[in-house]
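Thanks for coming. I will go through a few local details, so please have the sequence and the structure open.

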Amino acid sequence: MVEALQHAGRRGFAFVENAFDAAFGPRINPFYHLGALGFFFFWIVAASGIYLFIFFETSIDGAYSSVEYLTHTQWYLGGVARSLHRYASDAMVIVVLLHLAREFVLDRHRGVRWYAWITGVMLLGFLYASGISGYWLVWDRLAQYIAVATAEWFDWLPLFGESIARNFLDSATVSDRFFSLMFFMHLGIPLFLLLGMWIHIQRISRARTNPPRAIMLGTLAALTALSLVYPALSQGPADLDTVVSVVRPDWFYLTLYPLIDVWSPGAVWAVAGGGSLLLMLLPWLPRRPEAAAAVVSLANCNGCGRCFADCPYSAVIMQPRTDGLPYASQAAVDPDLCTACGICAGACPTATPFRRTTELVAGIDMPLLPVRALRQRTLDVMAPLSGPDRVLVYACRGGSDLGALETAGVGVVTLPCVGALPPSFIDFAISRRHADGVMLVGCAAGDCYQRLGIDWVVQRLAGQRDPYLRGRVPRNRVATVWAGPRDGAELARRVAAFRAQLRDMGPTPQGGTPSGSTAQSEMRHVSYRMG
């Protein structure tokens, strides 16, 4: 059931993301930056809220009138700030829910990623409490409806000695202290929300809390235009001496409130509580076996720290040396944080297939695919191939469907992440004539399943990050393709075109090409996403 739901969800997201890729390109596709957009909208809400609080009066008579002053008299600034506050809050709900759904359908919520999932689900409570308490402060008829419905809903719980709803029987029962309390709640809950957001990303290395500038400017411009064209308005002053019969709810924050009117409070609590519990249990429904975490071989670790710098999940730490070798530090792996992506092994300078004098054991390695097994696998898949257009494909198993590549002249080696490949393997394949060209196939551009794999590969190939690809390797014999799960047919066409290019070039010289000649030719980067 869960797998079927994930499969359908992946197809739906892929369809929408392909459309956004075509319109904006993978770099600024907002679907690849949903988490960062949540942070961005929070800061818009915070900045606009600070301005609104300057003019807000925390009293029965002053609350509504101060908001009306901001909306109509100071429409050019206060009105825009109020509308931005409202629409950025709604946008935050949208991107947070989309982020939650996308992580689920991409299966990025189980295993060691449970921490980010659970903390993210818990943040939903703070997010909704922040928004709902903000509506109370306006003290219009919508706020009256929310106050009465919320009080009746909470009265069902056996937590309070007296009925909360009694405080809203008529106008005389509500005092200015109520607005002071709501003011501090609406100020305090977002602070807890921000703290929770910080906790949410603590197990993630180099967490991206800011989307690309183009996305920030575009969304801010869109929200500002919406605020000017369709400003947020109050729905008439609250009057507890009358019963609210018609309101226009904010469906992003007040989804459950219509149910309170037609169902019993217990039923609504069952929906809210049951839904929350189900979300909390999803990382273990169904439970899957954990992949073996990376292991460190101290005899081969010189404490260079590259694995520590490249790990996307802060699973690698550097600590003082314990084996007496003349190095200051050594790497250590926290298995509770390791996702077995292999990026650390791809960063290790000792993970080179050229080593022959000693057993090939890297300073940090993956038990399920150690570097010596990767070298042997490379040799095995290339051994039966012949001709001037032999292509060795190193592919991420989380990327495109590789079935269409199983053709004569193409050898495929799958990896947990394309970032798990040490660049020396490309040098090994080409300079030793095991292959005429090497193609690296990863996830869709901007959407690496392991977060940083694509970034590190691009920087390693460009010589911007250690370990980098040696200059003797002809760059026109290296291709990179970032493809989504449904791009198998297009990927096959890219491989065919690459093979045709290799045939035109002829065989590579023994040992590759000298640095400074063909080695400086343009590297072929292919970044696309198709349905």
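D436 sits in the loop between α14, residues 424–431, and β7, residues 437–442. Keep in mind that this is a predicted model.

Is D436 buried or exposed? Its relative accessible area is 4%, and the cut-off for buried is under 20%, so D436 counts as buried. Its side chain reaches the backbone nitrogen of R390, at 2.9 Å. Setting aside residues up to four places away in sequence, D436 touches G387, P388, D389 and R390, and also R477, L502 and P507.

The side chain of R499 reaches the backbone oxygen of D389 at 3.2 Å.

Now to a pair of helices. Two packed helices are described by the angle between their axes and the distance between the axes. For α5, residues 114–138, and α6, residues 141–155, the axes come within 7 Å and cross at roughly 125°. That angle is therefore classed as oblique. The crossing of these two helices, α5 and α6, is left-handed.

Which residues of α5 and α6 meet? From α5 they are I132, Y135 and W136; from α6 they are L142, A143, I146, A147 and T150. By class, this contact has seven nonpolar residues, one polar and no charged ones.

Technical notes: Residues are numbered from 1 along each chain as its sequence is written. This is a predicted model: local features need pLDDT of at least 70, side-chain atom pairs count only at pLDDT 80 or more; totals for chains, interfaces and linings use all residues. Side-chain values use heavy atoms; hydrogens and water are left out. Helices (H or I, at least four residues) and strands (E, at least two) are DSSP runs, numbered from the N terminus. Buried means under 20% relative accessible area, exposed over 50%, partly exposed in between (1.4 Å probe, protein chains only). A polar contact is a pair of N or O atoms within 3.5 Å; within protein, one must be able to donate a hydrogen and the other to accept it, and residues adjacent in sequence count only if both atoms are side-chain atoms. Contact means heavy atoms within 4.5 Å. Axes are lines fitted to C-alpha atoms, for helices over the stretch in contact, and angles run from 0 to 180 degrees between N-to-C directions. Angles under 35 degrees count as roughly parallel, over 145 as roughly antiparallel, 65 to 115 as roughly perpendicular and the rest as oblique. A crossing is left-handed if the near helix is turned anticlockwise from the far one by less than a right angle, and right-handed if clockwise. Ala, Val, Leu, Ile, Met, Phe, Trp, Tyr, Cys and Pro count as nonpolar, Asp, Glu, Lys and Arg as charged, and the others, Gly among them, as polar.
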